[in-house]
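Here is a short briefing to read alongside the model. Please keep the viewer open as you go through the points.

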Amino acid sequence: MIVRIMGEGQWRLDDAHFVELNKLDDELLEEMEGGDQEGFRRTLGALLEAVRRLGSPLPDDALEPSELILPAPDATLDEVRAMLSDDGLIPG
């Protein structure tokens, strides 16, 4: 699966890594619902770092469609809330 981090680029991730990403996504959703700004910032950073650590970056000139789009590291709680579905940022 191809994952884009807004403002950074794209990474190719094996589907097996989505269990870890979904855990972080669930935490992020709980923190957002509770208005936990500090927890939100920490978990968003951990989610994006997991994508960078587990994925293989695609070249900047690659034109692959992104199957999942994640917010930029400096996104606000309101900006991320606008990107959410019922499942959070990551479906499933």
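Helices (H or I, at least four residues) and strands (E, at least two) are DSSP runs, numbered from the N terminus. By that rule, Phe18 has its place in helix H1 (residues 18–34). This is a predicted model, in which local features need pLDDT of at least 70 and side-chain atom pairs count only at pLDDT 80 or more, while totals for chains, interfaces and linings use all residues. Residues are numbered from 1 along each chain as its sequence is written, and side-chain values use heavy atoms, with hydrogens and water left out.

**The chain as a whole**

- The protein chain holds 3 helices and 4 strands, and the elements run β-β-α-α-β-β-α from the N terminus on.
- With a radius of gyration of 13 Å, close to the 12 Å that the globule rule gives for 92 residues, the protein chain is as compact as a globular protein of that length. Here the radius is taken over C-alpha atoms, and the globule rule is 2.2 Å times the number of residues to the power 0.38.
- Along the principal axes, the C-alpha atoms of the protein chain fill a box of roughly 40 × 25 × 20 Å.
- Of the 92 residues in the protein chain, 39% count as buried. Buried means under 20% relative accessible area, exposed means over 50%, and partly exposed lies in between (1.4 Å probe, protein chains only).
- Contact means heavy atoms within 4.5 Å. Among contacts in the protein chain between residues at least 6 apart in sequence, 67% join residues at least 24 apart.

**Surface and charge**

- The accessible surface of the protein chain comes to about 5300 Å², and 50% of it belongs to carbon and sulfur atoms. These areas come from the Shrake-Rupley method with a 1.4 Å probe; for residues, only the protein chains shown count as cover.
- There are 8 positive and 22 negative side chains in the protein chain, and the centres of the two sets lie 4 Å apart. Lys and Arg count as positive and Asp and Glu as negative, while His and the chain ends are not counted. The place of a charge is taken as NZ of Lys, CZ of Arg, CG of Asp or CD of Glu.

**The sheet**

- Two strands pair if DSSP finds at least two bridges between them. The 4 strands form an open sheet in the order S3-S2-S1-S4, with mixed pairing.
- Strand S3 (56–57) and S4 are the edge strands, and each pairs on one side only.
- S1 (residues 2–5) and S2 (residues 9–12) run antiparallel and are joined by 4 bridges. In this pair, Ile5 has Gly9 as its bridge partner, and Arg4 stands opposite Gln10.
- The hairpin of S1 and S2 has 3 residues between the strands, and Gly7 takes a positive phi near 80 degrees there.
- On to S4 (residues 68–70): S1 runs parallel to S4, with 3 bridges joining the two. Ile5 stands opposite Leu70 in S4.
- S2 and S3 run antiparallel, joined by 2 bridges, and Arg12 in this pairing stands opposite Ser56 in S3.

- Phe18 is buried, with a relative accessible area of 11%. Leaving aside neighbours within four places in sequence, Phe18 is in contact with Met1, Val3, Leu13, Leu68 and Ile90. The C-alpha atoms of Phe18 and Gly34, 16 residues apart along the chain, are separated by 24 Å.
- Gly55 lies in the loop between helix H2 (37–54) and S3 and is buried, with a relative accessible area of 11%. Not counting residues up to four places away in sequence, Gly55 touches Trp11, Arg12, Leu13 and Ala50. From Gly55 to Ile90, 35 residues apart along the chain, the C-alpha atoms are separated by 15 Å.
- Thr76 sits in the loop between S4 and helix H3 (77–83) and is partly exposed, at a relative accessible area of 36%. Apart from neighbours within four places in sequence, Thr76 is in contact with Phe40 and Arg41. The C-alpha atoms of Thr76 and Glu64, 12 residues apart along the chain, are separated by 27 Å.
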